[in-house]
Amino acid sequence: MTSSEEHSLLSGVRRDFPILQRTVHGRPLIYLDNAATTQKPRAVLDVIDNYYTDKNANIHRGVHVLSEEATNAYNDARHGIQTFLNARSDREIIFTRNSTESINLVANSFGRNNIKSGDEILITHMEHHSNIVPWQMLSEQVNAKLKIAPIDDRGQLIMDEFEALLTSRTKLVSVVHLSNSLGTINPVKEIVDLAHDNGVPVLLDGSQAVYHMPVDVQSLDCDFYVCTGHKLYGPTGVGVLYGKETILESMPPYQGGGDMIRAVSFEKTTYADLPQKFEAGTPNIAGVVGLGAAVKYLRNIGFSRIAPHESDLLAYGTEALSSVPGLRLIGTADKKASILSFVMSGAHPHDIGTIVDREGVAIRTGHHCTQPVMDRFGIPATARASFAMYNTRQDIDALVQALERVREVFPS
Amino acid sequence: MTGLRELYQEVILDHNKHPRNYGETDGADYQADGYNPLCGDRLVVYLKVHEGKITEVTFVGSGCAISKASASLMTDAVKGLSLTAAKELFDQFHTMITDKVERDFPEELGKLAVLAGVRDYPTRIKCASLAWHTLRSALDNNKGSVSTE
């Protein structure tokens with residue numbers, strides 16, 4: 001254990017994650033697939049278990065004790081997310097299934113209301129498919145145009161080109177905060193300011209950002225911010241849409257049904273206020289409560305401790321992987337998070353993934369739902385190691401050792 | 001459980017590095033695209049058929065060692081076969097890589113038996129089967145694209 005890890009005090013964090021105790025192929029699990037999903041701390045597992053064991057009831061309108069307790073737990077979680085993202089009001093926090101659904105909500109509700117024939121939507125070349133396809137679908141429906149801001153050879157957004165693509169026809173900018181396949185951290189504040197100077201609202205996809213860095217939606221001044229629970233050390237099946245209250249107010253509902261109404265008759269329905277207007281049907285109550293526990297856990301540890309630890313892992317990992325013969329990093333932006341995408345001469349990412357798995361090391365291989373990024377770099381796929389707060393330098397050493405096994409099978 | 005060395009046998013590594021029958025075929029009678037959306041592997045299989053027999057078969061594409069070696073071995077195996085025999089070989093190969101029951105492989109499989117180890121790597125079965133599904137699609141004279149999903 002080095003002094004920097006001791007200093008970060010994060011070694012004890014591993015004990016909070018029961019799954020990290022298990023073995024894979026008879027070896028200790030080294031989990032380096034955090035950009036796909038993070039593991040869950042005991043605090044989250046307990047809260048979900050306790051919800052179903054002790055509180056389970058449908059929320060809203062119930063007059064019995066269980067319903068009241070479940071409703072309170074649900075509302076507390078919303079308040080927790082509001083604090084976590086520093087939103088002005090908890091009416092600005094909408095629960096969805098995941099980031100994908102959050103983006104689809106904005107595309108279908110805000111998009112159809114505000115984007116017309118001949119208008120343009122501006123995204124970047126490094127978007128996840130979830131921030132491409134909904135806009136393509138919308139563009140087809142309303143005959144709008146999708147514009148793509150290019151990236152450079154290091155995987156950085158070319159800001160001059162981005163600015164040049166912002167025109168009077170641009171009606172929305174939708175940009176990833178932190179790229180899942182390249183690790184690039186985009187200059188989102190600058191992007192928001194540029195767009196707002198042109199009167200264009202901005203959606204930020206924070207799926208990867210929220211577990212690496214503090215996010216303050218008021219200081220970013222973004223109009224929408226989306227993230228997903230399962231990358232935030234929370235459960236799957238719950239996501240978040242933050243939207244400025246005035247904008248959310250102006251948007252029509254995305255789905256109709258129970259819970260999103262004020263009054264229904266066969267002649268006319270009036271909709272509920274925010275946030276219920278966008279939460280039709282019984283939500284993932286246990287998931288929301290679990291996500292509430294996850295952000296509470298994260299806050300208790302604090303990004304002041306997580307960030308230096310992860311940046312140590314990034315620096316150590318970058319150096320360690322660069323020393324592997326024939327290995328090339330894809331994504332070498334100046335501002336990066338602890339995600340290392342790479343290719344190796346003579347070995348396809350899929351084969352790399354299988355071989356390191358036999359050593360107990362879990363990484364992801366493939367296009368990471370960013371096929372345009374792969375095309376940009378002229379490669380079919382990458383292998384990707386992504387680090388979270390519970391990873392250590394020893395995990396990276398284990399990866400490097402496993403990559404030596406790859407070299408034995410596939411000499412460069 | 002098949003070990004890594006058995007999965008990546010010399011024959012497989014050799015066919016990966018030096019794929020046989022690699023390239024496009026001008027004036028192919030049959031041709032089909034194969035695509036594995038999970039990993040992005042793509043390949044095209046070309047066939048020339050004369051009097052019901054495969055006289056020429058080639059492929060192009062990119063993929064992992066398993067998928068490339070499987071495509072290369074397949075082209076060697078089906079060249080000279082009748083269309084019916086090629087379809088039978090497809091079935092035998094498919095059974096070999098998916099069947100959980102240990103059994104002797106039919107003799108016809110020959111060298112293809114080196115790929116039997118993928119049975120123990122469920123996430124890799126599609127790598128081995130992509131070329132074969134593409135061949136099948138070509139034989140069915142389906143000029144479209146076949147996907148493993």
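Two strands count as paired here if DSSP finds at least two bridges between them, and helices (H or I, at least four residues) and strands (E, at least two) are DSSP runs numbered from the N terminus. The model is a predicted one, in which local features need pLDDT of at least 70 and side-chain atom pairs count only at pLDDT 80 or more, while totals for chains, interfaces and linings use all residues. Residues are numbered from 1 along each chain as its sequence is written, and chains are lettered from A, with ligands numbered from 1, in the order in which they are written.

In chain A, seven strands make up an open sheet of mixed pairing, arranged in the order β4-β10-β9-β8-β7-β5-β6. Because β4 (93-96) and β6 (145-149) of chain A each have a single partner strand, they stand at the edges, and one side of each is left without a neighbour in the sheet. Within the sheet, β5 (residues 120-124) and β7 (residues 170-176) of chain A pair in the parallel sense over three bridges, and A:Ile121 stands opposite A:Leu172 in β7(A). Helix α5 (residues 133-142) of chain A lies across β5, β6 and β7 of chain A and runs at about 145° to β6(A), where axes are lines fitted to C-alpha atoms, for helices over the stretch in contact, and angles run from 0 to 180 degrees between N-to-C directions.

The domain assignment of chain A, whose bounds come from an automatic or database source, gives domain 1 (3-31 + 302-409) and domain 2 (45-300). The centres of these two domains of chain A, taken over C-alpha atoms, are separated by 28 Å. Across their boundary, 24 residues of domain 1 of chain A are in contact with 21 residues of domain 2 of chain A, contact meaning that C-beta atoms, placed from the backbone, lie within 7 Å. On the domain 1 side, the elements of chain A that give two or more residues are α11 (303-322), β14 (339-344), α13 (371-377) and β17 (382-386).

Definitions and conventions
Two residues are in contact if their C-beta atoms, placed from the backbone, lie within 7 Å.
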